[in-house]
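Let's take a walk through this protein model together. Keep the picture open and follow along as we go.

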Amino acid sequence: MDFDDSYVLLSEEQLIYIITIPLSTSIILANLIIILGISWNRQLHNTPNYFFLSLLVADLCTGVALPFIPLMGLNRHLSFSSCLVAHVFPNFLFLAFLFNLVMVHYERYICIIDPLHYSNLWMHRSFPLTLLVVWTPALLYASLPAFGWNNWTGCCSYRRVFPNAFIFLEVYGLVLPAILAIAAMTGHVLWITRGQLKDICRLHRSVERGSQASDQEQKLNLRYTRCVVAVSLTFLACWVPYLIYMHVSIALVVSDSKRSSTTHIVLSCTGIGSMAVVPIVLGLANRQYTEPALKLLQKLRDRWRPRTQASEEATV
């Protein structure tokens, strides 16, 4: 490696750290706050929240590994074992995060569409088995390059660790179907909610014996509209950047480009970081998860106000 290549590699690594370190820190802290909120509230110690805890742990690990994922696109001089760890472990955490996200959406989806049989789900009857089903396939698939499915030639890069067939299978056989499944379940839930809202409005009009929409109906429609807007904005902000990054990466694989451009580095950092924000959005939307943190902030405010008031009086 000559001086120019070393300088370019160093500048690319610095760019990755500049973008990912703030994102990684924010993701880790937000997940810790929600995890502590669930752990301190005994009323939340049930199977659905244990599933969400598993997702938060996977998301926290993804936040830890976030600075190392864009580094996969760089050509680095590492030993075979070090290169495998640097590629297999972050990929395992990413897949585990994705599978946990699908599991949480599926569990809540069944709760809405089939509440009578919700408690009889196999997921609730055997929680440890469910965790194995979610975490084990991610570990097995991510470990395939360590068992011989690689293109190792001496230079550490994702092209040498992950063959093209491995990348295509992961993207179009695992990642994209998982994202489509999440989008389909979310859309179906919104569709069911819209139908239930129409039934409520119809019953309300029959009781009130009026043909025009009342204030309560307008409030319900407004809440539903806000919900649709929030879901749409969350999808656009969290999933669209990752989808763009994913297809740009596939285009680079097909074109056999030897070097990651600055645009690709920025897309990889922001795309993976934005996707890792999804569990945080779900957690912050539940007040029970954030209640301990809010109480702690309130106590700190109450302690800080007398000190500031005393200092102001002393200065006067």
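**A patch on the surface**

Start on the outside: Trp122, Leu129, Leu132 and Val133 form a nonpolar patch on the surface, and together they have about 370 Å² of accessible area. Keep in mind that you're looking at a predicted model. Which helix gives this nonpolar patch its largest share? That's H5, with three residues. Leu129, for one, sits in helix H5.

Now let's see what else H5 does. Helix H5, residues 127-142, packs with helix H3, residues 80-113. Their axes are 8 Å apart, and the packing angle is about 145 degrees. As for the handedness, H3 passes H5 in a right-handed crossing. On the H3 side, the contact is made by Val88, Asn91, Phe92, Leu95, Ala96, Phe99, Asn100 and Met103. H5 brings Thr130, Val134, Trp135, Pro137, Ala138, Leu139, Tyr141 and Ala142. What kinds of residues are these? In the contact of H3 with H5, 13 are nonpolar, three are polar and none are charged.

Let's finish with one more residue of helix H3, Ala86. Which residues does Ala86 touch, leaving out those up to four places away in sequence? They are Met72 and Arg76.

Note on methods
Residues are numbered from 1 along each chain as its sequence is written. This is a predicted model: local features need pLDDT of at least 70, side-chain atom pairs count only at pLDDT 80 or more; totals for chains, interfaces and linings use all residues. Side-chain values use heavy atoms; hydrogens and water are left out. Axes are lines fitted to C-alpha atoms, for helices over the stretch in contact, and angles run from 0 to 180 degrees between N-to-C directions. Helices (H or I, at least four residues) and strands (E, at least two) are DSSP runs, numbered from the N terminus. A crossing is left-handed if the near helix is turned anticlockwise from the far one by less than a right angle, and right-handed if clockwise. Contact means heavy atoms within 4.5 Å. Ala, Val, Leu, Ile, Met, Phe, Trp, Tyr, Cys and Pro count as nonpolar, Asp, Glu, Lys and Arg as charged, and the others, Gly among them, as polar. Patches are made of residues with over 30% relative accessible area and no salt bridge: like charges are joined within 9 Å, nonpolar side chains (Val, Leu, Ile, Met, Phe, Trp, Tyr) within 5 Å. Accessible areas come from the Shrake-Rupley method with a 1.4 Å probe; for residues, only the protein chains shown count as cover. A salt bridge is a side-chain nitrogen of Lys or Arg within 4 Å of a carboxyl oxygen of Asp or Glu.
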